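Student: I've got the model open and I'm a bit lost. Can we go through it together?

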Amino acid sequence: MKPILLIGYGNPDREDDGVAWHILRAVAVKLGLPAPDSYEDEFPTNELIDFAFNLQLTPELAEDVSAYQYVCFIDAHTGNIPEPVRLIDVESEFQRSPFTHHLTPQSLLSICETVYSKTPNAALLSVRGYRFLFTRELSEETEELVPQAVELTMNWLNEKNIVEPAIPAS
């Protein structure tokens, strides 16, 4: 079983909807890994952490996700969550959606459990998106949240004994 998958999803051509790619890229840089220049390029891999970025979660991802011990899903939210940046644990739970192309992390974990009899320990990092126009740049408001999201991700990795804790600045 592989240790950790950081999986971001969203549409980077729709401004803040692509915040997950920016967070994944910043985490790779923080870990000293080469970071892709475009969301169309591959993320680096190492023996402990794999990175993935998709436009959306799909049932086909269940096989890949079920191969990991830990998974952190990273996505934008539209203000329906009170905190601008939030990291929560998620459990396997099938959730019906009125949208034909919408799969939640909980539902993807449910597919892992049902089809592969494996469910990784999972978390969801959700970051507030403010604008969803047709551009690859983040809004100023969401861009300001990226460092906090990266810090939460690094702390989560530290809790899983994947990275050393950051040394506080003196």
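**Strands and their partners**

Tutor: Let's begin with strand 1 (residues 2-9) and strand 2, which run parallel and are joined by six bridges. A strand here is a DSSP run of E, at least two residues long, and a helix is a run of H or I with at least four; both are numbered from the N terminus. Two strands count as paired if DSSP finds at least two bridges between them. One thing to keep in mind: this is a predicted model, where local features need pLDDT of at least 70 and side-chain atom pairs count only at pLDDT 80 or more, while totals for chains, interfaces and linings use all residues. Residues are numbered from 1 along each chain as its sequence is written, and side-chain values use heavy atoms, with hydrogens and water left out.

Student: OK. Which residue in strand 2 is the bridge partner of G8?

Tutor: F53 is.

Student: And how many bridges pair strand 1 with strand 3?

Tutor: Six, and that pairing is parallel. L6 has C72 as its bridge partner in strand 3. I7 stands opposite F73 in strand 3.

Student: Which strand pairs with strand 3 over eight bridges?

Tutor: Strand 5, in the parallel sense. Look at C72 again: A123 in strand 5 stands opposite this residue.

Student: What holds paired strands together in general?

Tutor: Backbone hydrogen bonds, and the pairing can be parallel or antiparallel.

Student: Zoom out. What order do the strands take in the sheet?

Tutor: The order is 2-1-3-5-4, in an open sheet of five strands with mixed pairing.

Student: Which strands stand at the edges?

Tutor: Strand 2 (49-54) and strand 4 do. Each has a single partner strand, so one side of each has no neighbour in the sheet.

Student: What about strand 1?

Tutor: Mostly covered as well, with six of its eight residues buried. Over the protein chain, 45% of the 170 residues count as buried.

Student: How many helices and strands are there in the protein chain?

Tutor: Five helices and five strands. Reading from the N terminus, the elements run β-α-β-α-β-β-α-β-α-α.

Student: Why call the chain as compact as a globular protein of that length?

Tutor: Its radius of gyration is 15 Å, close to the 15 Å that the globule rule gives for 170 residues, so the chain is that compact. The radius is taken over C-alpha atoms, and the rule is 2.2 Å times the number of residues to the power 0.38.

Student: What box do the C-alpha atoms fill?

Tutor: Roughly 45 × 35 × 30 Å, taken along the principal axes.

How values were computed
Buried < 20%, exposed > 50% of the residue type's maximum accessible area, 1.4 Å probe, protein only.
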